[in-house]
Amino acid sequence: MTGANDTERSKIICGVLDNIDEGIIALDAEGRITLFNPAAQMFTGISEKQALHRPVEELFPEQPDLVKLVRTGIKSGRSISDHGEFLLRRPATAPLPVSLAVSPIYRNSGERDGVVLILHDLSRIKELEKTLRRRDRLSMLGVLAAGLAHEIKNPLGGIKGAAQLLDRELAEDSGLKDFTRVMIREAERVNGIIEELMDLARPRPARMEEVQIARVLNDVVLFQREAFRKKKVDFLLDLDPSIPPLLGDPDHLTQLFVNLLKNAAEAVNENGRIEVVCRICHDFNYSKAGTLPAPVIVVEVKDNGPGIATEEIERIFTPFYSTKAKGSGLGLTICQKIAEEHGALLNVVSHPAKGTTFSFSIPFLRPKPQNEKKKPFEPADNEATSLPKKEKP
Ligand SMILES: Nc1ncnc2c1ncn2[C@@H]1O[C@H](COP(=O)(O)OP(=O)(O)O)[C@@H](O)[C@H]1O
Ligand SMILES: [Mg+2]
């Protein structure tokens, strides 16, 4: 390699180290810091000047696990990664969840020259996890609350009505009136509690806005890849770059794809493969009276899991239907509901022993021109669509 090429290469490497999202810390064979990139400075709250040439123990006195990992890496000359969550303590700010990996550095001559420690920020993934757990719980509560409300509200109305009748029949000076009033008041109170519970638990109505579906899918794949890292599930994402923004609720769509990917990842064996493909389907057009025909965007989630038996396939969208020991059986019910509110279709094709493909087909609606009064997004009515009909397994 020529000198000029070497300089060029160094420049590129420096650029990469300065811009990469991972914290990169290089240490020599004595465990002294030789490189501390900007992301590492941001994660640790320690400047490059403070860090350089100091031994790892001195720089991270409160992180014995990190020090041990580095020392083991230096001693053994092997790559070690700890995918579990490691809490990086920092001055003045909350600890940062990171994953750690150590790799040996070799010179051109083949001699070992210390190690590189890589810190990967897990906070965004943790954040997503938290939101999703909460949403899952809320959706479950929503179905329970709706069921309960239905069971309780009607008889409660009857009790209140009967108490009111009784109250009217009683003479004004009757001592029993105190009891009928308590009955009416208490029935109203219970009704209020149920309504409050329903408000709290019922998922909020969809808020339609322009959504970059590629961004949603990227985030969901990123999160699920992390969640199923131990199972070594291989996630592939194949996006058509020409896909235009569509009208949808980004949070609801995220939830839908998380449910589909999670089901796929739970279905496959170790080292299983999940493919997410998003493309414009020109074979079908969405058309509604008064609007131009619009193409359909299709997202497919394919897995190479055990598949679903033909007799089971109709049941999987039923609330509480689950074949998992700890499954809620609500994931696909929620997906179906979200698809409906988007005027989209959710189909499934499964070949036992080969795998399952869920496909979500959503019409691409152009945003209204500026001078036209904006109307809320209306779901497609079935007669007006030429979307693919639900495929029979
Ligand atoms: N990709 C898939 N491969 C095989 N079976 C699936 C797949 N997706 C869903 N299922 C089946 O559908 C059932 C219902 O799924 P879901 O509504 O998400 O509930 P849960 O995941 O809590 O069981 C699952 O228990 C499983 O039997
Ligand atoms: Mg599920």
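Okay, let's start with a definition: helices here are DSSP runs of H or I at least four residues long, numbered from the N terminus.

What we're looking at is a predicted model. The chain has 393 residues, and 24% of them are buried. Its secondary structure comes to 11 helices and 12 strands. If you take contacts between residues at least 6 apart in sequence, 63% of those join residues at least 24 apart.

Now, on to helix α11, which runs over residues 331–341. Which of its residues are buried? They're G331, L332, I334, C335, I338 and A339. These cover an arc of only 155° around the axis, which puts them on the same side of α11. Here's some background that helps: an α-helix has 3.6 residues a turn, so residues three or four places apart point the same way.

How many residues are around ligand 1? There are 20, and the ones that come nearest are N263, A267, S322, G327 and G331. Two elements give two or more residues to that shell: α9, which is 250–267, and our friend α11. Of everything there, α9 gives the most, with four residues.

What about the classes in the shell around ligand 1? You get 11 polar residues, seven nonpolar and two charged.

Okay, that's me done, thanks!

Key: Residues numbered from 1 in each chain as written. Chains lettered and ligands numbered in written order. Predicted model: local features only at pLDDT ≥ 70, side-chain atom pairs only at ≥ 80, totals over all residues. Buried ≥ 20, exposed ≤ 12 C-beta atoms within 10 Å, placed from the backbone. Arc of directions from axis to C-beta. Near = placed C-beta within 6 Å. Nonpolar A, V, L, I, M, F, W, Y, C, P; charged D, E, K, R; others polar. Contact = placed C-beta atoms within 7 Å.
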